[in-house]
Amino acid sequence: MESNQILSLRTIPTDPEHVKVIQWEDFQHDLARLVSLSSTLDESKEKKRNLHHKLESLIQVNVESLGQLNELEEMRQKLESKKVVMENMSIRYRLAKEDANKQEEQLSGAVQSLLVAGGALSVCSRNLQESSRFLYDENGYVHMRKLQKMLRRRQQHMVSQISMLYPMKILVGPAQEQELEAYPSSNLAGTSAGLKPVNQGSLTIHGLHLNVLIFRKLSFFTDKKETRESATALGYVAHAVSLVASYLQVPLRYPLRLCASHSYIIDNAPSTELTSEASSNANTNVKHVEFPLFLEGQDTTRAAYAVFLLNKDLEQLLNFTDAKSLGPRHVLANLRELLRIIQSSAFIDNLI
C-alpha cells in the first residue's frame, strides 16, 4: 500500500507555489494514521456488508411475517363467519327442537285420545254386536216391534191432545159446525178415494178462519178483523206444527219462533229477491232471515212467503208419514190431514 501511495504522490503534478514540505517524522505519523483509517474503513465496509445482509434477512423475515399475518387474518375472518353460521344453526336447532317437542306433546295427546276413542269404539262395537244378536233373535225383533208400537201409541196420544187443544171444525151450514173426527178407513198415502180437499173457507181452527188470499193482496178495504183472525189462526197452526214435529222427532226445515198471533218462521237460505234486506246483505254471511206470519205492519210479500214456508213444514211432516200435501194454499186442510193420519190405526200398523 505504501508503494501505491508513493506512486500516487509521484503522479500528482506539483505546483511550486503550493508545495508543502513535511518532515519525515510527521510523514510517518500521518502515514500510520492513514493506514489506521484505511483499515478502519475496511472494517466499516465489512460491518456495513454484514449489516446489509442482516437487514435483508430481517426484511425477508418481516415480509414472511406480514404474509403470515395476512393469512392469519383471513383465517380469523373465515373462523368468524363459521362461528356466525354455527350460531344460526344452533338457533335453528333450538327452534326445531322446540317445535319437535310441541309436536310430540300434541301427538302424545292425539294418541291418548285415539286410545280412549278406540276403547270407546270397542265397547260400542261389542254393544252393537250384542244388540244385533238380540235384534235378529225372534224375541228381540218382537220386542222391538212392541216398543215401536208403544212409541206410536204414545205419539198418537200426544197428537190427540193437540187436536183437543186446537179443535178443527168443518162448517156445514151458516150456523152449524161439525167437529173433525177420525177416518179409520182412510189411506196413509193421502186422502181417501174420491175425497177432495176441503175449502179453506169452510175450515176453522179453534173457531177462527184462515184466509190465505189476504196475504197475497192487501188493500185499503181489507177487513182488519179478518187479518187479525188469520194471524191468530196461523199462530195456532205454527204451535201445532211445532208440537207435532217435536213429538215425531222431525227437525223442521224451516224453524218457527212462536209468539202467538205475531209468530215468525225462519228461512236459513233466503232468496235475495224476496226482501230488500236480503238483497243488500247478499254478499254477507247471513245466518237466517225471519218472515212474519201476520200482516200488521208487514209487507204482504214477506207474509205470503212465511205462509208458504209454513205449508212446506206441513208438507215435510206429511211426507214423514208417507202422505202427500193437498196443495200450497191448503194450510188448515194439510194440518187436518196430518192430524187425521197420525191418529189413524194405519199409523201404528204400517211400521217399517
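D267 lies in strand β5, which covers residues 264-267. Strands are DSSP runs of E of at least two residues, and helices are runs of H or I of at least four, numbered from the N terminus. The model is predicted: local features need pLDDT of at least 70, side-chain atom pairs count only at pLDDT 80 or more, and totals for chains, interfaces and linings use all residues. Residues are numbered from 1 along each chain as its sequence is written, and side-chain values use heavy atoms, with hydrogens and water left out.

D267 is buried but has no salt bridge. Buried means under 20% relative accessible area, exposed over 50%, and partly exposed in between (1.4 Å probe, protein chains only). A salt bridge places a side-chain nitrogen of Lys or Arg within 4 Å of a carboxyl oxygen of Asp or Glu. The nearest side chain of opposite charge to D267 is R253, 9.0 Å away. Lys and Arg count as positive, Asp and Glu as negative; His and the chain ends are not counted.

The D267 side chain makes a polar contact of 2.8 Å with that of Y305.

Helix α7 covers residues 331-342. Twelve of its twelve residues are buried. Among them are N334, R336, E337 and R340. At 1.5 Å a residue, α7 should span 16 Å; its end C-alpha atoms are 17 Å apart, which agrees. The expected span is 1.5 Å times one less than the number of residues.

N350 is found in the segment after α8 (346-349). N350 is partly exposed because its relative accessible area is 46%. The C-alpha atoms of N350 and T321 are separated by 9.7 Å, with the two residues 29 apart along the chain.

Technical notes. A polar contact is a pair of N or O atoms within 3.5 Å; within protein, one must be able to donate a hydrogen and the other to accept it, and residues adjacent in sequence count only if both atoms are side-chain atoms.
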